[in-house]
Amino acid sequence: MTVAATRTLSPARLPGLLVAAPLLLLLPGVALILALFAYPLLRLVVQSVTDPEPNLDSYRSVLQDPTLWLIIRTTLVVAAECTALTLLLAYPLGFLLSRMPRRWANRLLLLVLLPFWTSLLVRMYAWMVLLGSHGVINEALVGSGLLAHPLPLLYNRFAVLIGMSHYMLPFMVLSLYSTMLSIDRSLLEAAGTMGSSLPQTFFRIYLPLSMPGVYAGCLLVFILSMGFYITPALLGSPQDTTIAVYIQQQIELLNWADGTAMAVVLIAIIGALFVLYDRLLGFNRLLALGPS
Amino acid sequence: MLNRMLLLAAASLLAFSGMQRARAQSDVVYINSSGGVLDDVFRKVDWDPFTKATGIRVINSAPVDNAKLRAMVLSGNTEWDVTEIDGGDFPRGIKQGLLQKLDLQQLPTKDMVEGSFNDYGVWDGPYSTILTWNTDIWPLTGKHPTSLMDLWNQQDFPGPRCIRKDAIDNIEFGALHAGVPRNGVYPVDQDKAYKELDKLKPNVAVWWTTGAQSVQVLVNRDCVMGTAWNGRPYQLVVRDGAHLGVAWEDAVLHMAWWVIPKGAKHSDAALKLIAFMQDPQRQAASAKESGYAGGNSHDADYLPENVRDFLATTPAHVGVSVSANDEWWDANAVAAERRFTSWVIGQ
Amino acid sequence: MRLLRLLLVLYCVGVFGFLILPLLIVVPVSFSAGAYLQFPPPGWSLRWYRMYFSDPQWLDATWLSLRVAAVTVLLSVTLGSAAALALVRLPFPGIGLLRAILMMPLVVPSIVLAIAVYSVYVRLHLVGSFWGIVLAHTILALPFAVVLMVAGLQRVDRRLEEASYTMGASAARTFLKVTFPIVRPSLFAAAVFAFITSWDEVILMLFIGGSAGTTLPLRMFSFLRTEINPVIAAVSTLLLLLAALVFGLSEWMKRRSVVRALP
């Protein structure tokens with residue numbers, strides 16, 4: 001992208017403003033984020049080591065408490081599981097949509113976005129009604145004689161993953177779809193005519209080409225999953241307590257020191273993931289949801 | 001042409017956002033409480049009539065948030081003139097200098113229950129954490145749970161339980177089950193309490209986190225018995241006909257308080273509003289809708305028996321309850337919650 | 001081959017079913033005669049819709065949410081497009097840092113952000129103010145707008161624009177006739193994401209909403225803390241209806257424009 005853009009940069013033919021003031025274009029957004037986001041956050045971090053008096057006690061106590069390590073591990077595991085499940089659900093859907101006529105694909109994409117119009121909170125209670133031991137699904141299974149006893153679907157990891165991946169699915173589908181759209185169909189057809197079998201074509205050609213979308217979607221879903229608070233609290237068991245739930249609890253107790261220390265730990269983990277991603281795959285890939 | 005479009009867009013944007021910035025006016029009071037149905041009841045019973053009587057508008061917000069209270073007082077820009085405050089947060093708020101002293105002369109103190117007011121606060125809605133169960137399984141006419149201690153009684157009342165995912169109340173229940181007398185619960189002997197909670201844990205299917213969830217799990221029949229704040233089953237049973245029973249023995253009684261934060265911009269109007277809300281008839285009317293009564297000693301006179309059966313302040317209930325010790329909780333909350341979290345997460 | 005395609009379609013139908021499943025509960029429950037979330041409902045009534053439409057607090061909250069979301073969409077899409085344009089077309093040293101700054105709101109959980117923003121807002125008297133809420137929502141929506149617009153702008157073939165200039169078209173005309181049609185889907189997607197981000201934000205609003213800023217999700221949340229009644233399902237159903245209307249309208253407009261475009 002960088003090379004291409006530099007090469008075609010021909011100031012004479014561009015509207016003056018766009019060339020003369022690239023900073024002007026970036027400035028409002030960046031300034032807004034610096035003033036109302038970065039600055040308050042920085043203050044919060046400073047507060048975590050100075051409130052009530054300057055020390056690192058809360059970090060020490062946070063990092064020494066085995067329970068908190070358990071919570072951090074849970075957060076990472078839940079986010080990873082949610083990402084995997086979402087990918088599993090979204091990949092075939094994105095594939096199908098990208099092979100459809102654009103008109104229909106666009107309509108179906110709107111359908112994918114439909115759940116967003118229902119508040120996350122309401123959806124949580126809908127899942128409770130659906131997944132409970134006497135919920136709609138279990139009653140149907142037991143009533144039809146398929147099962148003798150209701151399945152434990154609610155208040156466990158399963159319910160948390162269902163609730164979270166339901167929320168994340170549209171993000172993943174959109175990310176995959178835009179990459180898959182740019183994959184040249186004739187490539188696949190060519191492979192077919194050259195005698196390559198369908199699975200071969202898929203694994204050798206299609207899958208590698210769709211990987212940018214997979215990486216971008218997974219990173220997005222993984223990071224958003226780490227911040228989930230309402231879903232694990234309402235649908236999970238205590239073993240599904242995540243960092244965000246814990247932070248909320250500490251803040252309510254006015255235990256800002258531990259709460260913010262934990263928040264800084266969370267931000268550090270996510271930041272590390274970003275750096276890792278950048279090293280392994282290049283940050284450009286995340287931004288380049290589309291073809292690059 | 002683009003310029004004109006931009007101008008037009010900017011103008012309509014400004015018109016569109018025509019929200020009134022609340023200015024510091026003398027004829028208004030900002031009150032913060034739990035929100036939801038409770039606020040709707042307060043609005044109908046107290047706040048709108050108050051505006052009618054005094055000309056002072058009441059603007060409400062929710063929810064109760066101690067972190068927010070602290071941040072606004074420390075910043076010197078106090079949004080709330082009155083706020084609710086619960087449990088250990090009350091003594092903590094006093095200690096941290098977040099609250100104003102009240103001029104008790106302005107309150108109808110002679111009609112108020114002893115202990116329902118002090119220098120910094122007035123009872124809002126005292127509430128209890130009680131036992132509630134499904135009456136389809138154990139009808140009120142037959143053998144049914146009568147005490148919080150029946151949480152442990154799998155022999156007579158088998159089935160999954162739901163309790164709150166919080167140390168508050170649960171460690172008190174644990175201590176009581178270990179045989180500690182009700183008046184000796186504080187300071188809580190946590191080692192003893194957790195020995196009992198260990199026995200309860202295998203039967204706890206749901207750890208609730210919101211008031212709504214505590215009764216929804218019973219209505220959905222995910223659990224047969226659990227703990228809840230008394231107003232929740234009240235609203236479902238009396239208003240909506242749900243099949244739930246309640247038991248008060250060994251319940252934990254909590255105080256919620258109306259307080260005036262330091263730096264409140266309309267503290268005179270705030271005190272007036274608090275005084276207005278002490279009227280026994282109005283307190284009875286709001287108890288009828290919410291299941292939470294106030295601190296006026298006469299409000300019970302206006303309440304039918306089926307309502308009093310659900311109130312935390314009914315003397316028969318107070319007599320068999322433990323009163324939460326806010327000072328103890330203030331001093332021990334962080335450590336107790338940390339221990340609880342470790343305990344509940346541990347397999 | 002055909003079997004594989006059938007399996008794929010079936011799988012996708014299943015995924016769609018999963019997406020729609022909660023809505024299949026929410027819509028019927030909104031017409032329930034019962035007073036709490038029960039399924040199937042014990043009877044049918046419109047009482048929750050009546051309650052919603054007769055309560056100024058619900059209506060005010062809805063109206064405020066709509067206004068906040070609309071302005072958030074405008075702001076975040078404008079700022080996001082501008083930033084994306086700079087990121088895509090004008091590489092200069094240090095851009096990596098600026099890009100990282102623009103992505104930051106995505107990686108910090110709302111609860112952390114909420115505490116931080118509140119502590120600044122309360123000093124600036126922005127708590128509960130319309131613009132305070134809008135700006136905070138814009139921050140949350142901005143990364144989505146940037147990501148989507150970068151993707152969209154990268155699809156624009158620069159040669160087309162240059163051809164347009166060569167043929168004497170003004171910058172504005174080139175933008176409207178060449179660039180805009182290509183990035184329109186991305187703009188639309190950015191707008192939808194911004195709208196949703198603003199529309200469903202609870203945790204941040206708990207802090208910065210104040211007394212004047214009770215948005216719909218905030219009011220819903222304060223209800224859910226204490227009780228669940230079907231009025232919340234009714235609100236959600238109305239939103240679905242709104243979404244369907246918007247969808248229908250855009251379909252209708254598309255058809256009309258197709259008809260007009262015919263010779």
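What percentage of the 263 residues of chain C count as buried? The share is 53%, where a residue is buried if 20 or more other C-beta atoms, placed from the backbone, lie within 10 Å of its own.

The model is predicted: local features need pLDDT of at least 70, side-chain atom pairs count only at pLDDT 80 or more, and totals for chains, interfaces and linings use all residues. Residues are numbered from 1 along each chain as its sequence is written, and chains are lettered from A and ligands numbered from 1 in the order in which they are written.

**Chain C**

Select chain C and display its C-alpha trace, which spans about 70 × 60 × 40 Å along its principal axes. The chain has 11 helices and zero strands; helices (H or I, at least four residues) and strands (E, at least two) are DSSP runs, numbered from the N terminus. Two residues are in contact if their C-beta atoms, placed from the backbone, lie within 7 Å. Among contacts in chain C between residues at least 6 apart in sequence, 74% join residues at least 24 apart.

**Chain C against chain B**

The contact draws 31 residues from chain C and 37 residues from chain B. On the chain C side, two or more residues come from each of α3 (56-89), α5, α6 (130-155), α9 (203-208) and α10 (216-226). By class, this side of chain C has 18 nonpolar, nine polar and four charged residues. Here Ala, Val, Leu, Ile, Met, Phe, Trp, Tyr, Cys and Pro count as nonpolar, Asp, Glu, Lys and Arg as charged, and the others, Gly among them, as polar.

**Chain C against chain A**

Now select helix α13 (residues 243-252) of chain A and helix α5 (residues 110-124) of chain C, whose axes come within 9 Å and cross at roughly 30°. Axes are lines fitted to C-alpha atoms, for helices over the stretch in contact, and angles run from 0 to 180 degrees between N-to-C directions. α13(A) contributes A:Ala244, A:Ile247, A:Gln248 and A:Ile251, and α5(C) contributes C:Ile111, C:Val112 and C:Ile115. These contact residues comprise six nonpolar, one polar and no charged.

**The domains of chain B**

Finally, colour chain B by domain: domain 1 is 24-126 + 256-311 and domain 2 is 127-254 + 318-345, with bounds from an automatic or database domain assignment. The C-alpha centres of the two domains of chain B lie 27 Å apart.

How values were computed
Buried ≥ 20, exposed ≤ 12 C-beta atoms within 10 Å, placed from the backbone.
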